[in-house]
Amino acid sequence: MTAFPALLLPLPVAIPLVVCAVILTTAHLLPGRLPDILAIGAAVSVAVLCAVIARYAAQGPIVYWFGGWEPHDGVYLGIGFSVDEASGWIAAFIGMLYALTFVFAWGFFDRTHGHFHILMLLFLAAMVGFSFTRDMFNLFVWFEVMSVAAFALTAYHLAESSLAGAINFTVVNSLAGFLMLGGIGLIYAQAGTLDFEGIAAAVARGGRDPVVAGAFCLVAAALMIKGAIVPFQFWLADAHAVAPSPVSVIFSGSMVSLGLFGLAKVSAVVFAGSAQVQQALPILLIGLGSFTALLGGWMALLQRHLKRMLAFSTISHAGIMLAGIGALTAGGTGGMLVYVVGHGLVKGALFMIAGILLATQASIDEIALRGLGRGIWPAGIAMALAGLLLSGLPLGALDQGTRLVQGALSQQGHGIALAATAVGAALTGAAVLRAAGRIFLGLGPDPGDEAGAPSEDEREKANRPLWLMLAPCCALLALDVAIPPELIAHALPRAAAAFMHQPAAGALVEGPAWLPWASVAAGLAGAGYGLFRNRLPKIVVQPVSATQSAPTRALEFLHSGLIGDYAAWLAVGVAGIAAVLAMV
Amino acid sequence: MSPRFRIALLVLAGLVLMPAAAQVMAALPPFGSTIARYGARINAITPEARHVANMVSAINFDLRGLDTLGEEFMLLAAITGTVVLLRGRRGEGTTGRAMRLPGRAVIPRSDAVVLGCRIAGPLTALFGLYVVLHATVTPGGGFQGGVILASGTLLIYLGEGYAGWRDSIRSHWLDALEGGGALLFALCGLVPMLTGAAFMQNILPLGTFRDLFSGGLMLVENLGVALAVTGGFTQLFLEFMEETREAEEPDEPGEESA
């Protein structure tokens with residue numbers, strides 16, 4: 001007989017699955033809006049259940065054995081869920097994000113036979129299962145369910161661009177699935193069990209073992225592909241840019257960061273006993289993370305397709321999260337966990353604004369939209385606020401996560417990584433602020449012929465009132481700003497320590513207080529430069545354009561959209577991880 | 001990137017990965033030398049604990065039933081996704097009757113084919129049912145049996161022609177079969193919780209070892225999988241065959257993007 005809080009653990013996974021099966025069975029009988037209502041109800045109940053679980057998990061991780069197969073004599077027979085406080089809150093955040101996304105998508109997917117809701121609910125169940133499980137193969141199952149649901153959702157528009165993006169997404173993420181399965185096979189061959197704790201014990205017993213290193217290499221590569229870390233990041237911009245806006249909210253707000261969340265959990269729990277892996281982690285994660293933060297930020301600045309810009313900004317922020325994990329301290333990982341929530345809230349809001357523009361102005365091109373946003377100025381205020389938060393405005397959860405990550409990095413003397421986190425945030429903020437200024441204030445030069453967007457015509461159905469689309473967006477931003485920092489500061493040291501299976505740490509160190517302000521200032525300066533370049537004296541403009549043109553062209557050349565290129569870079573990335581593991 | 005550069009990159013990566021892979025393979029336990037402790041333990045306890053002769057079914061539906069539940073819904077996601085992609089521009093509307101391209105001749109099939117299909121069809125369905133029902137005794141189970149049953153419906157197409165096939169298949173029934181099977185499986189997890197047991201705990205009488213009715217709850221879960229797989233795969237066949245059908249009325253502008 002299972003005691004009370006543990007009893008709840010299967011429900012956040014089972015409820016969306018049951019609702020999705022019911023919708024599929026009865027779709028043709030249900031009246032128009034019922035799938036919307038059912039989906040919102042399911043997402044809200046997931047959020048509430050996960051929050052309750054997280055509250056109880058504050059006293060210690062809650063464990064649940066499916067089928068009643070509890071471990072006997074150290075042999076793990078069945079599958080278990082193990083939820084610590086942090087995992088519980090992350091799942092609650094995801095449920096909440098889904099609920100608001102369903103509100104945002106209210107009526108958006110008319111005439112779809114409930115297919116959108118079915119796929120989204122499966123996606124939700126998979127994400128919760130992914131955060132709760134303590135079994136390596138079960139982790140893979142939820143990883144794959146996420147991928148399969150996501151492939152179809154990406155291609156939903158069935159336009160040429162969305163099919164191309166979905167194909168790239170499918171191929172790269174299927175490769176990730178193969179890598180992960182291979183890694184699990186290796187670790188199972190050596191450990192003889194699939195349970196996190198069981199593997200961890202076997203790894204700790206084994207000493208330096210190439211099989212363990214190989215398993216880590218493959219699993220880490222798979223999770224980094226999900227997390228869009230350079231050089232695995234190519235698929236993300238292709239997919240996020242073309243998916244329907246409500247789906248992009250989920251992709252950028254939770255799917256990408258969940259990959260990194262998984263990486264943090266696997267590194268801290270499963271591979272804790274391998275000195276080789278633990279030595280390689282800081283080099284790998286901080287190095288790749290810093291590089292990703294810079295490259296993503298720069299690419300974001302180069303885009304005029306708003307959703308593609310936001311997608312690259314997600315890559316940049318994924319890099320910052322990865323650097324946080326790489327610090328291997330409670331501060332770094334705790335900061336990453338807060339960052340996941342803060343970033344998800346802000347980025348979700350931004351993708352909703354992109355959706356609002358697609359629906360009301362029938363375009364997603366920054367230049368073509370110049371000045372067209374004046375009529376929907378409330379969205380402009382939200383976008384400006386989101387841009388400032390993205391660039392590091394010291395307010396709300398995203399900022400708190402940033403400062404914790406920066407604190408962990410500066411404590412260990414990773415000066416370059418520290419700078420990369422600030423610069424990455426500034427670049428993405430600059431891109432968003434520039435777009436906000438151009439679209440909602442009509443700033444910047446008159447584009448003339450350039451206004452014709454090079455991408456194909458895109459629009460989304462304009463059948464919803466503005467307030468209905470804006471309300472969930474503002475709710476996300478308000479949540480980011482309103483989460484009381486003291487609450488996080490109080491709970492986080494305990495939660496991060498429990499997440500990493502380490503003894504509780506003291507208060508967490510925050511980074512220098514001036515750094516967020518510096519990156520906000522840099523973000524505003526970057527946005528100003530982008531908008532008023534032609535009014536600046538030549539002496540300022542010329543050196544900038546001279547130094548940035550060659551690397552920019554190289555970068556654009558690399559983002560070719562060709563799947564063969566992406567696969568080649570993927571192999572290079574796996575080789576890079578293997579090389580670092582071999583050298584430490 | 002030029003193909004040459006791409007291959008150079010791949011070769012470069014291979015130069016690092018090959019020695020690493022060789023090292024990993026050398027360190028793996030030799031092939032067939034040991035049965036993993038996990039497998040040995042399962043072989044030792046399941047016949048007694050679950051009265052089941054087919055270990056694979058015991059693992060799939062009981063010990064690691066949650067994985068199978070995940071896989072079942074992954075299949076559902078894949079089929080729903082395929083339906084979304086294939087319906088494409090022709091939209092949501094489905095017709096109850098077969099569509100045919102004007103001007104294309106309907107080639108009559110030979111009596112031998114018709115007779116062969118009429119004999120093989122029921123036999124295939126029977127065999128599918130057999131595989132489904134004996135999940136806990138002999139190799140096979142709901143998934144395999146479900147695929148066989150769905151292939152049986154294809155024999156109707158082969159023997160009776162497209163119109164005949166469409167007369168015997170209803171898209172809504174398939175949705176109901178697929179969703180209902182998945183729902184049954186999910187409920188097999190939830191219902192034991194009402195009695196105070198764990199999610200998917202085997203609370204039904206276990207039956208006799210090597211008997212058709214052995215394994216308790218596994219049989220119900222297995223039935224759910226069989227229903228879902230039969231419905232899902234037949235739905236796939238239907239969608240693939242209808243793929244080229246055009247929309248009946250042109251969409252309003254902008255509608256197709258949502």
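Predicted model: local features only at pLDDT ≥ 70, side-chain atom pairs only at ≥ 80, totals over all residues.

Colleague: Where is A362(A) found?
Modeller: A362(A) is in the loop between α14 (330-360) and α15 (377-391) of chain A. It counts as partly exposed because it has 17 C-beta neighbours inside 10 Å.

Colleague: What about M200(B), what is its phi?
Modeller: M200(B) has a positive phi too, near 70 degrees, and is not a glycine. M200(B) lies in the loop between α7 (171-194) and α8 (217-242) of chain B.

Colleague: Is M200(B) buried or exposed?
Modeller: M200(B) is buried, because 32 other C-beta atoms lie within 10 Å. The cut-off for buried is 20 or more.

Colleague: New topic. What does UniProt list for residues 135-419 of chain A?
Modeller: The unreviewed entry gives "domain: NADH:quinone oxidoreductase/Mrp antiporter transmembrane" for that stretch. In the model, residues 135-419 of chain A are 81% helix and 0% strand. The end C-alpha atoms are 37 Å apart.

Colleague: And which annotation covers residues 116-234 of chain B?
Modeller: UniProt, again from an unreviewed entry, has "domain: Na+/H+ antiporter MnhB subunit-related protein" there. Residues 116-234 of chain B are 73% helix and 0% strand, with end C-alpha atoms 21 Å apart.

Colleague: Now packing. How do the axes of α2 (residues 11-26) and α5 (residues 115-132) of chain A cross?
Modeller: The two axes come within 8 Å and cross at roughly 165 degrees. That makes α2(A) roughly antiparallel to α5(A). The crossing is left-handed.

Colleague: Which residues of α2(A) and α5(A) meet?
Modeller: From α2(A), they include P12(A), P16(A), C20(A) and L24(A). From α5(A), H117(A), L121(A), A125(A) and G129(A) are among them. By class, the contact has 14 nonpolar, two polar and no charged residues.

Colleague: What about α3 (residues 34-57) and α4 (residues 85-104) of chain A, how do their axes cross?
Modeller: At roughly 160 degrees, with the axes coming within 7 Å. α3(A) and α4(A) are therefore roughly antiparallel to each other. Their crossing is left-handed. The contact includes D36(A) and A43(A) of α3(A), and E85(A) and W89(A) of α4(A). Its residues divide into 19 nonpolar, two polar and two charged.

Colleague: On to the two chains. How many residues of chain A are in contact with chain B?
Modeller: 68 residues of chain A, in contact with 61 residues of chain B. Elements giving two or more residues to the chain A side include α2, α5 and α22 (563-583). That side has 43 nonpolar, 17 polar and eight charged residues.

Colleague: Last one. Is T547(A) buried or exposed?
Modeller: T547(A) is exposed, because 10 other C-beta atoms lie within 10 Å. T547(A) is in helix α21 (residues 538-558) of chain A. Its C-alpha atom is separated by 51 Å from that of L194(A), 353 residues apart along the chain.

Notes. Residues numbered from 1 in each chain as written. Chains lettered and ligands numbered in written order. Helix = DSSP H or I, 4+ residues; strand = E, 2+ residues; numbered from the N terminus. Buried ≥ 20, exposed ≤ 12 C-beta atoms within 10 Å, placed from the backbone. UniProt positions renumbered as here; feature names shortened; annotations may be inferred. Axes fitted to C-alpha atoms, helices over the stretch in contact; angles between N-to-C directions. Parallel < 35°, antiparallel > 145°, perpendicular 65-115°, else oblique. Left-handed = near helix turned anticlockwise from the far one by under 90°. Contact = placed C-beta atoms within 7 Å. Nonpolar A, V, L, I, M, F, W, Y, C, P; charged D, E, K, R; others polar.
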